[in-house]
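Student: Could you walk me through reading a few features of a model like this one? I would like the general idea and then the case at hand.

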Amino acid sequence: MVQVGKGQESLSDELLLLVFGYLSPTHLCSQVSGVCRRWRKLACDRKVWEVLDLYQHYSITENQLRHIVWQHRSTRKLILRNRSDLSDRSLVWCFFHLKNLTALDLSGCPQVGPKIISAIAQFCKSLRDLNVNGCANFDNECLLILTGNDISRAILNGFFEDPRIFFNKMLPTQEFHLYTCSTEVLYWCFMCVIC
């Protein structure tokens with residue numbers, strides 16, 4: 001258990017919230033919240049959980065992720081980059097409970113396909129920023145599922161499917177990242193811009 005010195009009381013809530021924002025979810029839940037009542041209250045503050053970045057935290061199990069999501073449903077940005085260890089079921093459950101998500105990074109997650117994208121489209125109506133860079137199962141079907149959502153920024157690097165579906169359905173999107181896409185996708189992009 002962490003021992004708190006007498007100077008701890010002199011730290012403002014704003015400063016502690018800033019520091020807590022740099023800590024991992026496991027430290028916030030298991031260690032910081034056990035220091036004192038004030039720290040427990042601050043560790044659960046909405047500001048700390050607006051961004052939930054699990055990219056570097058592979059020690060968080062699916063059950064811990066569900067617990068964190070259940071306790072902090074106000075999360076606005078979720079980063080699950082390269083998390084191949086999470087099941088479809090857990091991801092769908094998370095998206096069902098994170099209805100306020102505005103940004104989602106699923107880059108490098110091989111399990112992202114039509115089932116996951118359907119859950120995102122159905123439950124995350126506030127989503128504006130989506131990163132599916134390098135998701136091997138992201139295809140035209142996924143694009144068609146997303147057409148009803150108002151995504152303003154899409155990172156689709158590595159997308160090699162039929163670009164006509166892409167541009168006919170996703171034109172309201174304001175910003176695309178297509179760095180490693182096929183020549184055909186880039187050609188259609190150029191044609192849509194100049195026409």
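Tutor: Gladly! Let us start with threonine 75, which is buried, with a relative accessible area of 0%. Buried means under 20% relative accessible area, exposed over 50% and partly exposed in between, with a 1.4 Å probe and protein chains only. This is a predicted model, so local features need pLDDT of at least 70 and side-chain atom pairs pLDDT 80 or more, while totals for chains, interfaces and linings use all residues. Residues are numbered from 1 along each chain as its sequence is written, and side-chain values use heavy atoms, without hydrogens and water.

Student: Where is threonine 75 placed, and with which residues is threonine 75 in contact?

Tutor: Threonine 75 sits in the loop between helix 4 and strand 2 (77-79); helices (H or I, at least four residues) and strands (E, at least two) are DSSP runs, numbered from the N terminus. Contact means heavy atoms within 4.5 Å. Leaving aside neighbours within four places in sequence, threonine 75 is in contact with Trp49, Glu50, Leu52, Leu98, Asn100 and Leu101. A polar atom of its side chain also lies 2.9 Å from the backbone oxygen of histidine 72.

Student: Which residues of helix 4 are buried?

Tutor: An α-helix has 3.6 residues a turn, so residues three or four places apart point the same way. In helix 4 (residues 62-71), the buried ones are Leu65, Ile68 and Val69. Down the helix axis, the buried residues of helix 4 fall within an arc of 95 degrees, so they line one face; the arc is that of the directions from the axis to the C-beta atoms.

Key
A polar contact is a pair of N or O atoms within 3.5 Å; within protein, one must be able to donate a hydrogen and the other to accept it, and residues adjacent in sequence count only if both atoms are side-chain atoms.
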